[in-house]
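Work through the exercises below with the model open. Each task is followed by its solution.

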Amino acid sequence: MTTQQIERKWWHNAVVYQIYPRSFMDANNDGIGDLKGIISKLDYLHQLGINVIWLSPVFKSPMDDNGYDISDYQDIAAEFGTLEEMDELIAAAKQRNIHIIMDLVVNHSSDEHPWFIEARKSTDNPYRDYYVWRKPLADGSAPSDFHSYFGGSGWEFDELTGEYYFHQFSKKQPDLNWENPKVQQEVHDMMNWWLDRGIGGFRMDVIDLIGKVVDQKIMANGPHLHTLLQEMNKATFGRRDVLTVGETWSVTPEIAKLYSDPARNELSMVFQFEHITITFDPVEGKWKPRPFSLVEFKNVISKWQTELSDQGWNSLFWNNHDLPRAVSKYGDPGKYRIQSAKMLATALHFLKGTPYIYQGEEIGMTNVRFESIEDYQDIESINLYHERIAAGVSHQEMMQGIYENGRDNARTPMQWNGSANGGFSQSSPWLKVNPNYGEINVELALEDKDSIFYHYQQLIALRKQREVMVYGDYQPLFEQHPQVFAYQRTLGDEQLVVICNFSGQVVELSLTDEICGLYGECLISNYRPVSELGRTLNLQPYESFVIDVSSSL
Ligand code: GLC
Ligand code: CA
């Protein structure tokens with residue numbers, strides 16, 4: 001395999017940091033994170049070294065789904081701040097060479113958006129076709145049995161006009177009708193308005209769903225999806241040098257190339273979730289987790305690394321605001337928290353693609369376990385809890401699912417220091433802080449030169465310095481080994497060997513001729529640096545290191 005001379009883009013060696021504004025930093029002490037809070041932490045992010053922030057939604061919203069239900073795409077939610085403060089954030093970030101990418105949530109709006117308020121007034125309202133309305137079946141029931149991802153029917157009956165509207169998520173998130181050219185035009189105008197304000201691109205929420213053909217029950221990957229994206233590209237960001245990343249749970253490598261092959265003028269890259277969904281039960285989904293299999297995981301990663309090597313681009317992530325904390329899911333949140341968090345960071349950041357760090361990951365924040373469902377705020381966990389309990393699932397089983405995969409794991413407030421509420425706010429936060437903030441917080445991480453924070457800082461800096469980390473070809477090693485994830489990256493006569501022990505046990509690894517005898521500079525490690533590959537390696541629990549073996553080839 002050869003590395004094609006793909007056109008260099010600034011976002012190829014970028015590292016993105018995702019902020020969930022509600023939980024990042026509360027500047028005015030009302031218990032909710034805000035824009036001023038983010039501005040106050042830009043120096044911290046600059047110190048970490050990231051150069052892009054993906055901001056989860058900050059737009060005006062009734063907050064049924066914490067802002068993924070937007071009632072005005074061109075204004076900021078009062079609890080987060082003002083448009084002026086948003087401009088201030090964009091400018092202050094720019095001064096630190098940080099681009100801000102906004103969350104584009106246009107599969108649906110809020111039911112409190114003026115478009116929807118108009119649409120529901122009458123069947124001939126000019127906004128009616130902005131949404132998906134259908135008549136009841138002869139017996140008055142919903143047009144189909146489509147089940148919403150947040151529980152219950154995906155159809156909501158609206159008394160006034162006697163029709164149902166369609167919503168894939170909560171009933172306060174009616175689906176927009178992308179078959180209507182006016183919807184496309186409104187969204188394009190809105191995107192240009194934001195681009196003109198100086199943002200660096202968009203993360204596109206469930207973008208694989210906008211091409212839906214509701215009557216045929218086609219939701220993801222509808223027949224016009226890619227045409228819609230090409231039109232969007234042409235009408236908006238295509239003329240600008242920005243980063244666009246689609247959230248696409250349904251993607252295969254073939255489809256990912258459709259989105260991210262530069263020749264097709266769609267998106268920079270997409271998030272694929274196959275490494276996540278292999279840990280879910282095939283029928284019951286995330287609420288019934290399957291044990292993690294490293295071999296299966298490696299197959300998935302290798303497939304994506306190889307398939308997108310010359311055409312398209314990968315995004316790399318362990319977690320986000322919808323997923324559990326990386327160290328809890330794939331590492332050891334207890335005895336080996338620090339070693340395993342560093343190992344996971346190394347394993348991911350040396351892959352080919354653009355890495356995404358979710359707030360708190362850089363200090364090894366962990367999942368949370370609240371005893372009562374009352375302490376949870378996430379609409380998905382709460383709705384599904386009640387739905388499944390009513391269907392006979394036990395409280396214990398459902399709570400176990402929430403502990404492992406519930407979205408509030410990622411949403412507990414950022415842990416800045418050991419003071420009350422982890423320094424996030426002086427009043428009680430909208431979601432309880434994880435009780436471990438005394439041991440796990442930014443202040444402690446910054447004081448300790450061996451902390452997870454500085455490991456991330458080093459990885460981000462390496463990506464800026466080493467082309468091989470960005471553009472090198474990927475070759476897996478020890479593919480069938482149940483505990484070790486290892487690979488090589490090669491660019492011209494440069495070569496890196498990455499070795500990661502994914503287990504809490506000491507592993508004795510016999511090296512094949514392929515890499516035995518190689519040596520060179522150890523670029524990063526989480527125990528003592530290793531600079532030579534002998535016949536056997538004795539790997540400590542969660543040990544990982546990377547050697548630049550170029551000079552020994
Ligand atoms: C995406 C978001 C998630 C949200 C959903 C509906 O999956 O990441 O947080 O609930 O879309 O907008
Ligand atoms: Ca606040």
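A salt bridge here is a side-chain nitrogen of Lys or Arg within 4 Å of a carboxyl oxygen of Asp or Glu. Buried means under 20% relative accessible area (1.4 Å probe, protein chains only). The model is predicted: local features need pLDDT of at least 70, side-chain atom pairs count only at pLDDT 80 or more, and totals for chains, interfaces and linings use all residues. Residues are numbered from 1 along each chain, chains are lettered from A and ligands numbered from 1 as written, and side-chain values use heavy atoms without hydrogens and water.

**Exercise 1.** Find the nearest side chain of opposite charge to K342.

*Solution.*
1. Locate K342 in helix 11 (residues 337-349).
2. K342 is buried, yet has no salt bridge.
3. The nearest side chain of opposite charge is D450, 5.2 Å away.
4. Now check the backbone. The oxygen of D450 there lies 2.6 Å from a polar atom of the K342 side chain.
5. List the contacts (heavy atoms within 4.5 Å). Leaving out residues up to four places away in sequence, K342 touches D450, S451, I452, H455, N526 and S544.

**Exercise 2.** Which residues of helix 3 are buried?

*Solution.*
1. Helix 3 spans residues 83-95.
2. Its buried residues are L83, E85, M86, L89, I90, A92 and A93.
3. Their packing partners include helix 1 (35-40) and helix 5 (181-196).
4. Just past the helix, N97 has a positive phi of about 55°.

**Exercise 3.** How many residues surround ligand 1?

*Solution.*
1. Count those with a heavy atom within 4 Å. The total is 13.
2. D65, D205, E247, H321 and D322 are the closest.
3. A polar side-chain atom of D322 lies 2.5 Å from an oxygen atom of ligand 1.

Technical notes: Helix = DSSP H or I, 4+ residues; strand = E, 2+ residues; numbered from the N terminus. Expected span 1.5 Å × (residues − 1). Buried < 20%, exposed > 50% of the residue type's maximum accessible area, 1.4 Å probe, protein only. Lys, Arg positive; Asp, Glu negative; His and termini not counted. Polar contact = N/O pair within 3.5 Å; in protein donor to acceptor, adjacent residues only side chain to side chain.
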